[in-house]
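Here is a brisk tour of one protein chain. Keep the sequence and the structure side by side as you read.

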Amino acid sequence: MAASLGPAGVGGAGPSGFAFDSGLEIKTRSVEQTLLPLVSQITTLINHKDNTKKSDKTLQAIQRVGQAVNLAVGRFVKVGEAIANENWDLKEEINIACIEAKQAGETIAALTDISSLNHPESDGQITIFTDKTGVIKAARLLLSSVTKVLLLADRVVIKQIITSRNKVLATMERLEKVNSFQEFVQIFSQFGNEMVEFAHLTGDRQNDLKDEKKKAKMAAARAVLEKCTMMLLTASKTCLRHPNCESAHKNKEGVFDRMKVALDKVIEIVTDCKPSGETDISSVSIFTGIKEFKMNIEALRENLYFQSKENLSVTLEVILERTEDFTDSAYTSHEHRERILELSTQARLELQQLLSVWIQSQSNKTKSIAEELELTVLKISHSLNELKKELHRTATQLAADLLKSHADHVVLKALKLTGVEGNLEGLAEYACKLSEQKEQLVEVCRLLRHISGTEPLEITCVHAEETFQVTGQQIISAAETLTLHPSSKIAKENLDVFCEAWESQIGDMSTLLREINDVFEGRRGEKYGYLSLPKPMNNANPKSLKSDKPDAEEQAKIAKLGLKLGLLTSDANCEIKKWEDQENEIVRNGRNMSSMAYSLYLFTRGEGPLRTSQDLIHQLEVFAEEGLKLASSVQVFSKQLKDDDKLMLLLEINKLIPFCHQLQTVTKTPLQNQVFLKVDKCITKTRSVMAILVQLLSLCYKLLKKLQLENNRWVSVTNKDSVDGKT
């Protein structure tokens with residue numbers, strides 16, 4: 001969801017923190033959402049068997065699919081034409097693709113029209129039953145034209161983001177040179193509006209990114225811009241109020257520099273352009289290195305010549321060299337250091353044993369040698385797993401202890417006090433303590449990056465490390481300005497803003513630590529929302545802190561909606577319990593959706609893990625994504641079924657997919673100052689999805705039982721024939 005950017009009075013989110021959505025992004029997303037049901041419907045038509053006898057029910061189902069495709073194409077064309085009308089440089093290309101899509105949709109509808117079957121001798125019309133080739137050609141044309149429009153629309157969005165970034169940079173240059181307070185207020189107002197526009201565009205882009213690594217990078221860059229917008233306001237005002245203060249200028253320049261880097265990072269992500277010389281973060285992660293090393297040695301079971309022994313030795317040494325970040329750290333305990341060194345030595349010895357057995361197995365392929373190779377592979381894998389556990393314990397314990405010791409923010413409070421007292425000696429003492437704290441946090445972030453387990457979490461660790469590094473120094477320069485001008489209200493406000501940014505990052509690090517633990521222990525699927533993404537700092541806009549709780553009448557209506565949702569959750573759980581295989585993908589998706597829906601039900605009662613409407617929106621985004629995963633799982637299952645059963649199931653799926661997309665759109669729809677309406681609409685849509693979920697779970701269970709029964713009969717008949725043959 002797009003986060004707000006901009007201080008109070010300049011622009012940003014409404015009272016609930018809901019952001020506004022850009023019209024083009026909504027149109028583009030609608031185009032892409034239209035594509036998903038089209039693919040499954042067209043695939044159903046093309047894969048339909050010609051040599052089976054078709055009942056009236058099957059014929060009607062085929063016609064409904066053809067009509068649904070044509071209707072979806074009609075909606076697609078309208079969206080495509082709207083985008084074309086707003087972008088004259090691409091209008092001709094988009095319109096041509098839309099015409100092709102419309103022709104293909106009409107062809108598919110005509111070829112699946114069963115009314116022509118009643119009088120075949122009178123009109124001689126060709127249908128899908130006599131010319132499946134025509135449907136295949138039309139489907140190819142349709143998918144080609146849809147893809148073309150999506151690519152063109154994507155170019156439009158990227159161009160918009162680049163244009164928006166350039167406007168922001170141009171205004172920032174004017175802000176850097178401004179000398180009068182009146183001129184600053186005027187330009188900053190324009191800057192705030194431009195940042196809000198940039199936030200909307202990049203927020204929508206972040207939600208549409210499929211690559212989790214890019215999504216995490218975008219979230220980190222946008223978090224920097226959000227926090228820095230408020231910092232820029234107070235730092236610039238402090239500079240204008242105290243133009244001859246060196247620390248004030250240093251403070252302001254630091255904010256400008258960080259924002260420019262973040263703006264460039266966003267453009268790198270949306271244009272998929274990596275600067276030359278930039279290294280991949282994963283190359284410095286110990287956990288990633290161990291994972292790849294284990295895959296290589298396990299591959300020896302299948303192919304003894306897969307690797308060279310030199311490569312394996314070098315790879316292990318690179319991994320063990322990286323553990324020096326732990327053993328060389330002044331914050332690692334003696335016990336942890338000794339254990340890491342012991343496990344590293346053990347891994348080296350076991351690799352030597354593996355190499356020795358491996359060489360023997362290449363020349364002497366006996367059963368005993370193969371068993372010994374298997375044993376050495378298992379032993380070194382076990383040692384590396386133990387090393388991973390020890391590194392994880394070391395890093396997470398350090399992080400937990402550090403967060404606990406700094407939870408009360410004593411140093412920040414002391415810096416504020418010395419500032420208003422004008423105490424330069426006190427400033428020097430507590431600035432030194434904050435620098436020590438900063439170095440500790442930076443080093444712990446580096447250790448956490450090694451053991452984070454996923455690329456998005458590695459990126460979040462890097463973001464945390466950079467934030468502590470930069471913000472720590474900026475707090476010291478802001479405190480110095482206040483100490484030199486102890487009666488300055490704006491200097492005090494400026495220090496408060498930087499201290500709040502530090503406290504916010506401490507909170508984010510606590511969340512990051514919980515998620516790293518969840519990934520390590522295999523509990524990541526139970527998370528609510530995207531904890532790996534840095535959260536926006538609501539302190540940047542005092543208006544965003546306003547309560548978004550509904551009044552008594554609205555609360556009663558929400559509670560009533562929630563009660564029905566709770567009942568549907570209960571129905572879904574009853575259907576889930578029927579399944580013998582609780583690890584089935586359909587069951588797992590359904591259970592996740594039911595769990596999230598139950599947390600929404602608790603929200604309507606003022607209970608549970610969701611506290612604000614913003615929490616609710618994040619939960620709904622994940623809920624909608626899980627619904628699309630369920631649809632995908634059911635589609636995979638449908639491939640095992642006969643034509644009639646498959647069509648019946650796919651028609652149910654095609655009810656679910658649009659509802660999930662509608663829910664995604666609702667969560668992003670701008671409803672400034674109308675939080676209740678948005679919550680009401682979201683819960684209503686969620687109820688509709690849950691009702692379909694209950695039907696789908698029931699239908700899938702029945703079809704699975706039917707499939708199992710048919711398979712058992714086939715096995716029984718086969719066995720009987722075999723026995724009869726022997727007789």
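Glu268 is partly exposed, with a relative accessible area of 21%. Partly exposed is the middle class: buried means under 20% relative accessible area and exposed over 50%, with a 1.4 Å probe and protein chains only. The areas behind these classes come from the Shrake-Rupley method with a 1.4 Å probe, and for residues only the protein chains shown count as cover. This is a predicted model, in which local features need pLDDT of at least 70 and side-chain atom pairs count only at pLDDT 80 or more, while totals for chains, interfaces and linings use all residues. Residues are numbered from 1 along each chain as its sequence is written, and side-chain values use heavy atoms, leaving out hydrogens and water.

What does Glu268 meet in a salt bridge? Its partner is the side chain of Lys265, at 3.4 Å from N to O. A salt bridge here is a side-chain nitrogen of Lys or Arg within 4 Å of a carboxyl oxygen of Asp or Glu. Lys265 is partly exposed too, at 28%. Helices (H or I, at least four residues) are DSSP runs, numbered from the N terminus, as are strands (E, at least two).

## Salt bridges between helices

How many salt bridges does the structure hold? The count is 23. One of them joins Lys260 to Glu176, with the closest N and O atoms 3.0 Å apart. Lys260 lies in helix H8 (residues 246-271) and Glu176 in helix H5 (residues 132-177), so this pair ties together parts that are 84 residues apart in sequence. Lys260 is partly exposed at 27%. Glu176 is partly exposed at 30%.

Arg446 and Glu465 form another salt bridge, again with the closest N and O atoms 3.0 Å apart. This pair links distant parts of the chain: Arg446 is in helix H15 (residues 424-451) and Glu465 in helix H16 (residues 455-484), 19 residues apart. Arg446 is partly exposed, at 37% relative accessibility. Glu465 is buried, at 13%. Salt bridges can also link up in a network, as they do for Lys416, Lys492 and Asp496.

## A negative patch

Which residues form a negative surface patch? They are Glu321, Glu324, Asp325 and Asp328. Patches are made of residues with over 30% relative accessible area and no salt bridge; like charges are joined within 9 Å, and nonpolar side chains (Val, Leu, Ile, Met, Phe, Trp, Tyr) within 5 Å. Asp and Glu count as negative and Lys and Arg as positive, while His and the chain ends are not counted. A charge is placed at NZ of Lys, CZ of Arg, CG of Asp or CD of Glu.

Asp328 is found in the loop between helix H11 (324-327) and helix H12 (334-363). At 62% relative accessibility, Asp328 is exposed.

How many disulfides does a search of the whole structure find? The search finds 0. A disulfide is a pair of cysteine sulfur atoms within 2.5 Å. For Cys461, the closest cysteine sulfur is in Cys445, 6.5 Å away, so the two are too far apart for a bond. Cys461 is buried, at 1% relative accessibility. Cys682 is also buried, with a relative accessible area of 0%.

Most residues other than glycine have a negative phi. His409 has a positive value, near 55 degrees. His409 lies in the loop between helix H13 (367-405) and helix H14 (410-421). Is His409 buried or exposed? His409 counts as buried, at 16% relative accessibility.

## Alanines and their distant partners

Ala395 is found in helix H13 and is buried, at 0%.

Ala72 lies in helix H2 (residues 56-86). Ala72 is buried, at 4%. Lys102 is 30 residues away along the chain, and the C-alpha atoms of the pair are separated by 9.9 Å.

Ala110 has its place in helix H3 (residues 91-111). Ala110 is partly exposed, at 33%. Ala110 and Gly66 are 44 residues apart in sequence, yet 8.0 Å apart in space, C-alpha to C-alpha.
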